[in-house]
Amino acid sequence: MEGTSAKTIVIPATGDSLGVTPRNGDMSWKDFLSRAAGRSSMYSPVYQSADALINILFSSGTTGEPKVIPWTQLCPIRCAADTWAHLDLRPKDVDLWPTNLGWVMGPIQIFSCFLNGATLALYHGSPLGRGFCKFVQDARVSVLGSVPSLVKSWKAGNLTKGLDWTKIRQVATYTVRKHSTSSQAPLKKLNFYNRRVLATTGEASDIDDNLWLSSRTCYKPIVECCGGTELASSYIQGRLLQPQAFGAFSGPSMSTGFVILDEQGNPYPDDLPCSGEVGLFPLYFGATNRLLNADHDKVYFDGMPIYRGRQLRRHGDIIQRTVGGYYIVQGRADDTMNLGGIKTSSVEIERVCNGADEGLLETAAVSIKPSGGGPEQLAILAVLKDGSTTCDANLLKSKFQRAIQKNLNPLFKVSYVKIVPEFPRTASNKLLRRVLRDQLKQELANRSKL
């Protein structure tokens with residue numbers, strides 16, 4: 001309340017009591033509503049320039065310090081346009097997406113629902129329990145958004161048993177980082193076209209989990225979305241007008257474009273199966289052109305190559321284009337590791353390790369540079385389904401090694417395995433590999449001193 005001189009409406013944390021004394025000129029939420037009662041619902045619009053601020057968001061800081069990102073009047077338009085074009089959000093839809101206003105998906109949902117005329121469903125409580133799954137049924141949700149770790153929990157607990165999710169016509173997955181599949185491997189493909197859908201977001205999707213989720217809704221499609229706070233939406237998405245593959249993207253979002261760069265910064269041909277860092281076309285409606293706590297040009301443009309006379313915008317994702325023309329986001333460029341002279345991504349290793357033992361809930365792969373120098377060493381951290389840490393780490397290490405040698409690369413060696421009760425995550429549920437890497441590095445350093 002002391003951070004601004006603007007008039008403030010103060011909302012109580014619980015119940016009706018504020019628990020604080022408002023400043024002169026401020027009012028409680030209850031008083032605000034009582035003053036509005038009986039007034040006309042017609043208000044004159046207030047005109048602002050396109051670059052006037054509408055809200056300020058913070059990036060999650062998954063791979064570094066959080067950035068303070070201002071949104072302009074263009075950002076809500078971008079949110080609503082993308083959900084209209086890619087998720088087919090309609091006025092009669094009931095949209096539910098577990099999120100909060102501290103993550104980009106909170107504002108995206110508010111602007112998308114209200115500008116497209118849809119109903120925004122709100123659930124008070126954790127989305128990890130059966131109560132949430134029953135709310136999806138009772139609220140007759142037609143567009144459901146999810147995070148891959150939520151789907152994994154619903155599946156593990158069989159929380160949708162006996163529930164009717166057939167009113168859902170879309171599931172959306174806003175994936176910030178995706179798992180990898182070999183460019184030669186066939187993807188599980190369904191001909192969805194204009195049928196009904198689902199969506200997920202926040203982290204790497206699992207094909208088998210997506211298949212399970214789709215089966216709960218009579219095989220409605222899942223639309224994968226990937227973007228960022230600084231873009232106000234997604235740069236790559238699924239499309240309902242063409243066949244869709246689980247865990248994969250159809251192509252660039254409406255009005256956007258990108259290229260995939262090799263290690264020298266040269267774009268691969270558009271029709272070539274490949275893998276590399278993505279470079280976004282710089283003209284992107286709704287994207288930021290400033291940061292409040294960092295140099296915007298330095299963060300997003302410095303060092304990026306020129307393409308067709310324009311400097312590409314950095315986003316930091318590694319993208320794979322498959323033989324069939326689909327796209328898979330393999331993770332962050334700074335989550336790439338060099339194992340025996342071969343570059344690979346964390347999510348590529350995690351995809352293989354997750355299926356190495358039935359007792360595993362999820363894994364995280366990080367590389368550790370030895371304090372005395374030498375090649376990077378692969379460390380795998382694991383969370384068990386029962387939440388315990390009593391499993392034999394050496395036995396698990398052997399299983400990880402066999403799975404990686406068989407399904408990924410026989411030259412990759414697992415150096416460390418650690419079982420933990422849970423992984424550190426951001427408020428938006430993204431896995432903080434950076435924190436795991438730092439913790440393990442410190443632990444190994446202390447061990448070497450002893």
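The following questions and answers concern a predicted model.

Student: How many bridges join S15 to S16?
Tutor: S16 covers residues 274-280 and runs antiparallel to S15. One of the pairs links Phe 258 with Leu 280 in S16. The number of bridges joining S15 to S16 is 4.

Student: Is Leu 261 buried or exposed?
Tutor: Leu 261 is found in strand S15, residues 258-261. Beyond its neighbours within four places in sequence, Leu 261 is in contact with residues including Tyr 268, Gly 276, Met 304 and Leu 312. Its relative accessible area is 5%, and buried means under 20%. Leu 261 is therefore buried.

Student: At what angle do helices H2 and H3 pack, and why is H2 called roughly perpendicular to H3?
Tutor: H2 spans residues 74-86 and H3 spans residues 105-116, with their axes 8 Å apart. Angles of 65 to 115 degrees count as roughly perpendicular. The angle between H2 and H3 falls under that description because it is about 70°.

Student: How many residues of the contact of H2 with H3 are nonpolar?
Tutor: On the H2 side the contact involves Pro 76, Ile 77, Cys 79, Ala 80, Thr 83 and Trp 84. These meet Ile 108, Phe 111, Ser 112, Leu 115 and Asn 116 in H3. The contact has 3 polar residues and no charged ones, and the number of nonpolar residues is 8.

Student: How many residues are in the largest nonpolar core?
Tutor: Trp 71, Val 136, Leu 144, Trp 154, Trp 165 and Leu 213 touch the most other members of this core. A second, separate core has 19 residues, among them Leu 339, Leu 396, Phe 400 and Val 414. Trp 154 is also one of the buried residues of helix H5. The residue count of the largest core is 42.

Student: Is Asn 409 buried or exposed?
Tutor: Asn 409 lies in the loop between helix H9 and strand S25. Leaving aside neighbours within four places in sequence, Asn 409 is in contact with Ile 342 and Ile 404. Its relative accessible area is 14%, against a cut-off of under 20%, so Asn 409 is buried.

Technical notes. Residues are numbered from 1 along each chain as its sequence is written. This is a predicted model: local features need pLDDT of at least 70, side-chain atom pairs count only at pLDDT 80 or more; totals for chains, interfaces and linings use all residues. Side-chain values use heavy atoms; hydrogens and water are left out. Helices (H or I, at least four residues) and strands (E, at least two) are DSSP runs, numbered from the N terminus. Buried means under 20% relative accessible area, exposed over 50%, partly exposed in between (1.4 Å probe, protein chains only). Contact means heavy atoms within 4.5 Å. Axes are lines fitted to C-alpha atoms, for helices over the stretch in contact, and angles run from 0 to 180 degrees between N-to-C directions. Angles under 35 degrees count as roughly parallel, over 145 as roughly antiparallel, 65 to 115 as roughly perpendicular and the rest as oblique. Ala, Val, Leu, Ile, Met, Phe, Trp, Tyr, Cys and Pro count as nonpolar, Asp, Glu, Lys and Arg as charged, and the others, Gly among them, as polar. A nonpolar core is a set of buried Ala, Val, Leu, Ile, Met, Phe, Trp, Tyr and Cys residues joined through side-chain atoms within 4.5 Å. Two strands pair if DSSP finds at least two bridges between them.
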